[in-house]
Amino acid sequence: MMGTEDTPGGKAHPDAQDSQPSVFHSIKFFVLCHSLLQLTQLMISGYLKSSISTVEKRFGLSSQTSGLLAAFNEVGNTALIVFVSYFGSRVHRPRLIGCGAVLVALAGLLMALPHFLSEPYRYDHTSPDMPQDFKTSLCLPPTSALAPTPAPANGSCSSYEEARHLSLVGIMFAAQTLLGVGCVPIQPFGISYIDDFAHNSNSPLYLGILFAVTLMGPGLAYGLGSFMLRLYVDVDRMPEGGISLTLKDPRWVGAWWLGFLISAGAVALAATPYFFFPREMPKENHEFRVQRKVSVVGASPVSKGEDPPSEQSPGESSGKQDGLARIAPDLTVIQFIEVFPRVLLRTLQHPVFLLVVLSQVCTSSMVAGVATFLPKFLEHQFSITASYANLLIGCLSIPVAIVGILLGGILVKRLHLGPIHCGTLCLLGSLFCLILSLPLFFLGCPTHQIAGIIRQPGSQPELEMFPDCMEPCSCPSDGFNPVCDPRRSVEYLTPCHAGCTSWAAQEALDKSQVFYTNCSCVAGGSPVPAGSCDSACSHLVLPFMLLASLSMAVGSITQTPSFMLILRGVKKEDKSLAVGIQFMLLRVLAWIPSPVIHGSAIDTTCVHWAQSCGRRAVCRYYDHDLLRYRFIGLQFFFKTGSLACFALILAILRQQDKEEATKAATPGPALQQPLLVSGTEKKPEESRV
């Protein structure tokens, strides 16, 4: 491995390689390819979050189930990420990255498969291949031949229909698991490959470029979701008469599946070059390749300013390599599994490391909940479209968070912050993040009145409590075609529930607006337009997003200094494993449970559930105030936990600093001080050996 057998073309002399350089033997080209791959991989990972409310409506899922679906890719990832350090030095890393990317692309195709296996989307009681029949929503006497009958799909389903629904949802869970498995080798193997074959002075630049490009992935995912959700879900199989839905209609379902196909194609293209990269390539600028394995553990922290290269003596480098060898290269798989728990417990005994990980668990729990359900929260809280909600997040929140992360790294590097100052920066960032989130509790829209469901504060939602005016009607209990009485700002589930007996269409500006007339439940029987009532405070969404984005930016400043506390809080030979344990704990304690917790909290604020196959399906109406208090309250809880952890970290670091200062001041008389000092200098050397 250290000779010439794995060099490109089998050429032994580096000058021969320079005479005919290949693009696949350039670490710069690898950095470009890996930046694009991680960009597209995060696009496909984040796209589901941008369309979570649409998937809920399409397949009748609760927020708890959709949160579990969004987190399920972390299950496959967590199950295998531990073995990356074991296989890292034994495999052809570029090819394994390419194979992982192929699995990610297949997962994207599998996520879109339920669209093609399911029946066309039905937003009313008409047949699937026919346009909407407005008469099915009217108030008609029970004896009328035109009286609608409840759709059997929403009442009770056959075993085949129920099994089909479960299989479609199961396909999406399987796709998310496959996505997690495919993501396992991409980032760790790519970073170590760059760190191995880049010049020591160029490695920080390459990794910085990689992370900067990668961070744009979630923003592009929300942008793609914003565009795709403007297209109707069955854009590939539109009924002959078209559809009468608009983007603002709560029954609108966008083309959620199309974004997965586009992202999967992008990942497949980005994966192609990895099958042509060599297992090893010449060290950039012909550096000694014997330093390569050492850099797997030590170079990344060095590149971030953690330890100056001049302080790394050959003895220390050998110690680092031996530290890694103790846990991976010289062990079998069984031995690695047996030794890993002991190394894990040893690492968790560091109080600073443990507290930093707990603070990052709180922060990651907050980020996971916001990334998954913020689009849905904005959509319901401010009565905006899913497309507009994704546009706001992609254009505001994501870029501002990136700026915060970069600012934190610049402050650490330019100010040469030590552990105590890093802890202080983290504490201040968490404190101001918490303060800026307080006004969010009061920025929102009240719940508009919905006849028979939301009548007054504190009342229990009862579907049977409609006014007497619609008693002669035969209204389906599961119907949903909302209309609004603009004079009283009262919304009705269907025109039937408003007592409307006829309808009319008005053409204006190439758009058809449907009005329902002769409505006995509306004052004066005036016509009511189709669709939900407009919110009087939708304009508050921009101040809300600006304040939330500013809070995210301030909180993101803590990312780099908290990571440096981990690198500086453990032994040098444990740094690589400590980072791996950190990401494993973040997945297990934050990224997997947090979306489920947020989804469950959102479900508790629902006041009207749709029914499908005799079971509770998607929520149609939420209590806006309760939704805001619980969603923002969860964010506030996690931010408070992170602040408390950083306060404890700073207290411990100051105590350790005082103890070190006390030890330095304890030598005896001046005549014995040189001897004592020399003795204290020898003890660490002996203990390290």
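At the start of helix H23, a side-chain oxygen of Asp-623 comes within 3.3 Å of the backbone nitrogen of Asp-625. Helix H23 covers residues 624–664, and its 41 residues should span 60 Å at 1.5 Å a residue, which agrees with the 60 Å between its end C-alpha atoms. The expected span is 1.5 Å times one less than the number of residues.

The model is predicted: local features need pLDDT of at least 70 and side-chain atom pairs count only at pLDDT 80 or more, while totals for chains, interfaces and linings use all residues. Residues are numbered from 1 along each chain as its sequence is written, and side-chain values use heavy atoms, with hydrogens and water left out.

- S2 and strand S3 (residues 490–492) run antiparallel and are joined by three bridges; strands count as paired if DSSP finds at least two bridges between them.
- Cys-484 has Glu-491 in S3 as its bridge partner.
- Helices (H or I, at least four residues) and strands (E, at least two) are DSSP runs numbered from the N terminus.

- Strand S7 (residues 606–612) is largely enclosed by the rest of the structure, because six of its seven residues are buried.
- Buried means under 20% relative accessible area, exposed means over 50%, and partly exposed lies in between (1.4 Å probe, protein chains only).
- Five bridges connect S7 with the antiparallel strand S8 (residues 615–622), and Trp-609 is opposite Cys-619 in S8.
- Two residues lie between the strands of this hairpin, in which Cys-613 adopts a positive phi near 55°.

**Nonpolar surface patch**

- Val-102, Leu-106, Leu-109, Phe-275 and Phe-276 form a nonpolar surface patch of about 450 Å².
- Within this group, Phe-275 belongs to the loop between helix H12 (256–271) and helix H13 (292–303), and is partly exposed at a relative accessible area of 36%.
- Patch residues have over 30% relative accessible area and no salt bridge; nonpolar side chains (Val, Leu, Ile, Met, Phe, Trp, Tyr) are joined within 5 Å, and like charges within 9 Å.
- A salt bridge places a side-chain nitrogen of Lys or Arg within 4 Å of a carboxyl oxygen of Asp or Glu.

**Leu-68 and Pro-593**

- Leu-68 is part of helix H4 (residues 63–81) and is partly exposed, with a relative accessible area of 35%.
- Leu-68 and Pro-593 are 525 residues apart along the chain, and their C-alpha atoms are separated by 7.9 Å.

Technical notes: Areas by Shrake-Rupley, 256 points an atom, 1.4 Å probe, with all protein chains shown as cover. Polar contact = N/O pair within 3.5 Å; in protein donor to acceptor, adjacent residues only side chain to side chain.
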